[in-house]
Amino acid sequence: MSTGGPSLPQQRNLVTSIPGPESLARLDRKKAHVADGVGTMLPVFVVAAGGGVLVDADGNSLIDLGSGIAVTSVGNAAPSVVSRVQEQVAAFTHSCFMVTPYDGYVDVCEQLAELTPGDHEKKSALFNSGAEAVENAVKIARVATGRDAVAVFDHAYHGRTNLTMAMTAKNMPYKNGFGPFAGEVYRVPMSYPFRDDLSGEEAAKRAIDVMDKQIGADNLACVVIEPIQGEGGFVVPAPGFLPALSAWAKDTGVVFVADEIQTGFCRTGDWFACDDEGVEPDLITLAKGIAGGLPLAAVTGRAELMDAVHVGGLGGTYGGNPVACAAGLGALEEMRSHDLTGRARDIGTRMADRLRKIAADHPVIGDVRGRGAMMAIELTTPGTLSPEPVRTAAVSSYCHQQGVVTLTCGTWGNVVRFLPPLSISDTLLDEALDVVAEAFAATA
Ligand SMILES: *Cc1c(COP(=O)(O)O)cnc(C)c1O
């Protein structure tokens, strides 16, 4: 057993090619036993991780700029997560909160009420995955309003279950062949400053007009939006867009749901991305960064909305599992004790400065955007909006070969996104960005 966590040597160190022979042998086993539909982006088999590195089966140490898709924000095997999980797993592993409750679940809900935007009275329900949280937010909004329709945005990503596939925009790989999808889901235009010339207010007007004219506010249970889009390309809406939508929802009795599954828990330099413009969602969906890597998700929102659902209407066998809750409490402790909102802001400044310098040398980078430790670059044919997915894949693949784990995203697959763990050192971050710069030179 390898020991991970922040005491791992914080260095990039390649002893084989990537993937190395041990990983390739394991990949053969994967091919034999794991369904091909479950893809792997960078097939190095991980044996330990922590701080800002992942160590693979060949002994290579890679710099992590992905955090397992914005999950291990507190760092892999973070000390408070490990110690609380170890204590909990030895005490009891499961009782089912719906059968016999326990404190950890209530403790998590109490903290979510305190940390999420707004001073109103809030309650929470816990689940296992982000998609499940989104499904439950829709269930709650429908019961609370007595309405059916759900509005979502261009480029949105909300998950892979049937309802959340309907809510997700992109066909390949998320939806292709998996229909028919859930009904009463309507897509409206997003604010995408790089691709439209609209102010936040203008873009909100455009979206509101579609909701008014094509759905009708009286039919609309909720509008669900990622305050900064994740899989869709780290699209940051123009200032004023979210406040205008939220104000319209309030006026029309539509439940405003912020999907902060990717943006939440210090990632953007605030506890939640909505904090940036003082937006107070009625419901907020949470997962990913909430529990340092263990599966935990939540819907937190106005007490009167959350309590609209009949007793027994929300739940699930594992939702708010005691070990996952212990991990959540450990992760929140790490965030508070290490001031991870401040750290995310510093990482953001450092990444943005460097990425803008790289963009100045490589005009294929059309846009540098994001907030805090959630930054991205969008690649387009210089001077145009025409996407460059092939170059994007080449850049990302070069980084992988050099031991830097980068992820791509975007409707056209032409965005490289950077989501380092907030436990990464400046030295490692700078080294990883050196590799990104090299990747542009090497693929020019
Ligand atoms: C990842 C993600 C989801 C889905 O979460 P899962 O845990 O993978 O089901 C939903 N919404 C957003 C914004 C996400 O980034």
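Guide: Contact here means that heavy atoms lie within 4.5 Å of each other. The model is a predicted one, in which local features need pLDDT of at least 70, side-chain atom pairs count only at pLDDT 80 or more, and totals for chains, interfaces and linings use all residues. Residues are numbered from 1 along each chain as its sequence is written, and side-chain values use heavy atoms, with hydrogens and water left out.

Ser 124 counts as buried because its relative accessibility is 17%, where buried means under 20% relative accessible area, exposed over 50% and partly exposed in between (1.4 Å probe, protein chains only). With neighbours within four places in sequence left aside, Ser 124 is in contact with Cys 109, Leu 112, Val 299, Thr 300 and Met 306. With one of these, Thr 300, Ser 124 forms a side-chain to side-chain polar contact of 2.7 Å. A polar contact is a pair of N or O atoms within 3.5 Å; within protein, one must be able to donate a hydrogen and the other to accept it, and residues adjacent in sequence count only if both atoms are side-chain atoms.

Ser 61 belongs to strand β3 (residues 61–64) and is buried, since its relative accessibility is 7%. A polar atom of the Ser 61 side chain lies 2.6 Å from the backbone oxygen of Gln 11. Beyond four places in sequence, Ser 61 touches residues including Pro 9, Gln 11, Leu 14 and Val 53.

A polar side-chain atom of Lys 288 is 2.6 Å from a ligand oxygen, a polar backbone atom of Ala 131 is 2.8 Å from a ligand oxygen, and a polar backbone atom of Tyr 157 is 3.4 Å from a ligand nitrogen. On its own the ligand has 380 Å² of accessible area, of which the protein covers 83%; such areas come from the Shrake-Rupley method with a 1.4 Å probe.

Definitions and conventions. Helices (H or I, at least four residues) and strands (E, at least two) are DSSP runs, numbered from the N terminus.
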